[in-house]
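Have a look at the structure first, then read on.

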Amino acid sequence: MSAYIQRFSNYMYDLYKRYENLGYRVKKKIRFIIGRIFLYYVLIEMAFLFILPFVYILSTSMLTFEDYLDPTVFYIPTEIEWGNFTKAWEALDYPRSFLNSTITSLGAAVLQTIACSVAGFALGRYKFRMRNIFFVLVVIVLLIPPQTTIIATYGLFVELGLINTYFSVLLPAAFGLGIRGALFILIYMYFFQRIPDAMDDAARIDGAGPLRLFIEVMLPQVKSAIVIVFIFSVVWHWNDNYEAPTYMYRESVLTLQPRLQNIREYWAKKIPAGESEISKALTEPMLFAGCFLVMFPVLLVYIFGQKKLVAGIERIGIIE
Amino acid sequence: MAKKVVKYKKQLAHKRTKRTLSFERRRQLEGFSFMLPWLIGFLIFILIPLALSVKISFYSPTLNDLYRGKYVGLENYKEVIKNPSFGQAVFEAFMNSLYQVPMVVGFALFVAVLLKQEFPGRVIFRVIFFIPVILSGVIMSYLFSEDVGSVSIFSQLVQSNTGFMSRLFGGALTTHIGNIMWSSSVEILIFLAALQSVPDILYEVVDLDGANAWERFWHITLPYISPFVILNCIYALVDSFVDARNPVMSILYGLMVQGTKYGVASALSWFYMLLSLITILIFILLTRRWLR
């Protein structure tokens, strides 16, 4: 009997322990769920504003002229008009300007990724006498608006014979300048600074020279920085509508961005003179088809590189 | 004897300093030579054009004769100061960045703190929040321009009455908010990286002390990432100063397209650059305390 009572009381005690702070735990759980709902609500609401332009471009590019003017058609076209894409393809002179854009942006990105890593390595791992001066210079380069120097640079490139060649974009990139080169140097510097000094010493004791130390020991440590810099560099050069078109304005070397800028004028010439508003509306779906064609390659790069990019961002804090 | 020891010690000390010096020297040389390519590029592509643009700002050149125009002295600068539209544009640009920078940085910090949490689907959200980096350039100008014929996509949002933001605020404000959100991608990225570097042990300690999320943010997160807040402020300032949609930039572009006023354009851009450099320097000096 007493054993039975013992068991019963044990059972009751367990039950009591189990639900001892039920109220507290439920409160915590409810609070957690409310927090999650709030989080998702805010994030989805903001993500909506970020996705919207994509949806807008995609849907508008498929609209027929009638659908575009019809207010009842809301984002979902009644029939898909592929003609917009062929028109935009023609106006952009797609194959040729795609090639030009690819050469300039990929080439510049590769060169910038290499050159900026060298400079970032010097700033991040060495304490030479002029280091602080160089650091200030890099920051100043970041601050100079391109408009200040573009006229003079144009004149310089005329003297050097670089106008209308790919080198007008590639050469500054090869020295670690070019579009936001200074920012990339700072990113690299930050990454290199986080590598422990023991790494350096170990490699030196094993007899590695400075070049070997840089290429075989240090660079593999900053893979995530390399990915970030490369993707940003490709994207920013691809979207550049200021420097590249200024230096490369001849038809044969024109990149996608200036063509997209002039896509309306291209078709305005072909449309017979009439009411300008209507003809403008006529080109609107075609314009967004052009936008889609221009952004599609970069979108692919981003989608495929995204995993590495995010992983790189996640790893930034872990290297310690 | 004692003299000899002292002398020997001196010799030794001398030897040692000499050796360390040469070692240091070699390191310094290595560092410098790694920096050398950039220095050459800097001289050719930054310093020479800068010097030339100073020269151009004192002349009245044409495109065919960029460096040998007529010398006009300070005439161009006088025009910049006298012309009221220039002054207004510069003022407007500065006011724009004054209210934009805190909002961009605040928004970026908010989003980064949200995205740093562990929850299912965060990778998707991270991908979405970096979209603006892809979409810059001409496409952005098509989507966001408030010209006569075209309407910005955010205004369309208000008209179609979708979304929480647009119902809450008016059209112009929504466009502003949209612009701010769209220019904060790089800042979000930097903040995410910074938040990742806060050691978890700090959070565990304050959790033991019974801090809630709010206190945790103000007492641990923010002090720890304060250098990155400053860094982001500087980046946002620079970004807004050199933004193509900025009024000064559009005036400069107009002057260059006209093709006859290169001198005035150079003078204006120098004027503007010096002002923005001074602003940023003042900002750095004021916030040096938090930069560690």
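Predicted model: local features only at pLDDT ≥ 70, side-chain atom pairs only at ≥ 80, totals over all residues.

1. Start with A:Lys269, which sits in helix H15 (residues 263-270) of chain A. Helices here are DSSP runs (H or I, at least four residues), numbered from the N terminus. A:Lys269 counts as exposed because it has 7 C-beta neighbours inside 10 Å; the cut-offs are 12 or fewer other C-beta atoms within 10 Å for exposed, 20 or more for buried and partly exposed in between, with C-beta atoms placed from the backbone.

2. Residues are numbered from 1 along each chain as its sequence is written, and chains are lettered from A and ligands numbered from 1 in the order in which they are written.

3. Now H5(A) and helix H8 (residues 167-174) of chain A: the axes come within 8 Å and cross at roughly 15 degrees. Axes are lines fitted to C-alpha atoms, for helices over the stretch in contact, and angles run from 0 to 180 degrees between N-to-C directions. So H5(A) is roughly parallel to H8(A) (under 35 degrees is roughly parallel, over 145 roughly antiparallel, 65 to 115 roughly perpendicular, the rest oblique). Residues meeting there include A:Gly107 and A:Leu111 in H5(A), and A:Val169 and A:Ala173 in H8(A); contact is C-beta atoms, placed from the backbone, within 7 Å. By class, this contact has 7 nonpolar, 3 polar and no charged residues (nonpolar: Ala, Val, Leu, Ile, Met, Phe, Trp, Tyr, Cys and Pro; charged: Asp, Glu, Lys and Arg; polar: the others, Gly among them).

4. Over in chain B, helix H3 (residues 84-116) and helix H13 (residues 247-258) pack at about 140 degrees, axes 7 Å apart. That angle makes H3(B) oblique to H13(B). From H3(B), the contact uses B:Phe86, B:Ala89, B:Val90, B:Glu92 and B:Ala93, and from H13(B), B:Pro247, B:Val248 and B:Ile251. The tally is 7 nonpolar, no polar and 1 charged.

5. Which element gives the largest share of the side of chain A that touches chain B? In total, 68 residues of chain A are in contact with 70 residues of chain B. The largest share on the chain A side is from H2(A), with 14 residues. That side divides into 49 nonpolar, 12 polar and 7 charged residues.

Conventions: Contact = placed C-beta atoms within 7 Å. Helix = DSSP H or I, 4+ residues; strand = E, 2+ residues; numbered from the N terminus.
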